[in-house]
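Please read the following note with the sequence and the model at hand. It is arranged as numbered points.

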Amino acid sequence: ACEDLQSKGLELFIPTSNNLNKVGLGRDKWIVNPTAISIVYLEMYKFLGKLFGYAILSTNYLALNLPSYFWKKLLNHKLEPADLENLDILAYNSIIKVLLNPEKYQLELENLFEVLEFSYQTVNGDTIELMPNGKDIKVSEENMK
């Protein structure tokens, strides 16, 4: 059942970027599909929650390869940079590089502002807007926070 849950056929979970790119840690991890929001998917997630509850109560644990951030958010624990690194090491490295040495990468940061918008592309290729009309709003130094 867990193999079916973590397959491209059902699409409740999708592979992490590290899984898809075969880089970094957590290459075997899957994340909740952010675009699976139809009524059918929401009912499936509700049933999955019941499965989690049953597994915990019966100590028949589910063999799901979910990343640390999933469990931390479930338990309301603080996320750490390593949680991103275990999902998407390429994004993590880019962010850390600029944060640790902003002067050196100022030109890269300026070039990034030319292409960044308030939306992102998920690992399955769908675009998610982070705010209304986010794909039409460019990120700048003034509005990035």
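The points below go from the whole chain to single residues.

1. Basis of the note. This is a predicted model, in which local features need pLDDT of at least 70 and side-chain atom pairs count only at pLDDT 80 or more, whereas totals for chains, interfaces and linings use all residues. Residues are numbered from 1 along each chain as its sequence is written, and side-chain values use heavy atoms, with hydrogens and water left out.

2. Elements. The chain holds 7 helices and 4 strands. Helices (H or I, at least four residues) and strands (E, at least two) are DSSP runs, numbered from the N terminus. Read from the N terminus, their order is α-β-α-β-α-α-α-α-α-β-β.

3. Extent and surface. The C-alpha trace spans about 55 × 30 × 30 Å along its principal axes.

4. Among the 145 residues of the chain, 28% count as buried. Buried means under 20% relative accessible area, exposed over 50%, and partly exposed in between (1.4 Å probe, protein chains only). Of the contacts (heavy atoms within 4.5 Å) with a separation of 6 or more, 41% join residues 24 or more positions apart.

5. L74. This residue belongs to helix α4 (residues 68-74). Is L74 buried or exposed? L74 counts as exposed because its relative accessibility is 59%. Together with W71 and L75, L74 makes a nonpolar surface patch of about 330 Å². Such patches consist of residues with over 30% relative accessible area and no salt bridge, nonpolar side chains (Val, Leu, Ile, Met, Phe, Trp, Tyr) being joined within 5 Å and like charges within 9 Å; a salt bridge is a side-chain nitrogen of Lys or Arg within 4 Å of a carboxyl oxygen of Asp or Glu.

6. S119. Strand β3 (residues 119-121) contains S119. With 12% relative accessibility, S119 counts as buried. Apart from neighbours within four places in sequence, S119 is in contact with T127, I128, E129, L130, G134 and K135.

7. N86. The loop between α5 (81-85) and α6 (89-100) includes N86. A relative accessibility of 22% is why N86 counts as partly exposed. Which residues does N86 touch, not counting those up to four places away in sequence? They are N18, L25, G26 and S68. The C-alpha atoms of N86 and K135 are separated by 27 Å, and the two residues are 49 residues apart along the chain.

How values were computed. Accessible areas come from the Shrake-Rupley method with a 1.4 Å probe; for residues, only the protein chains shown count as cover.
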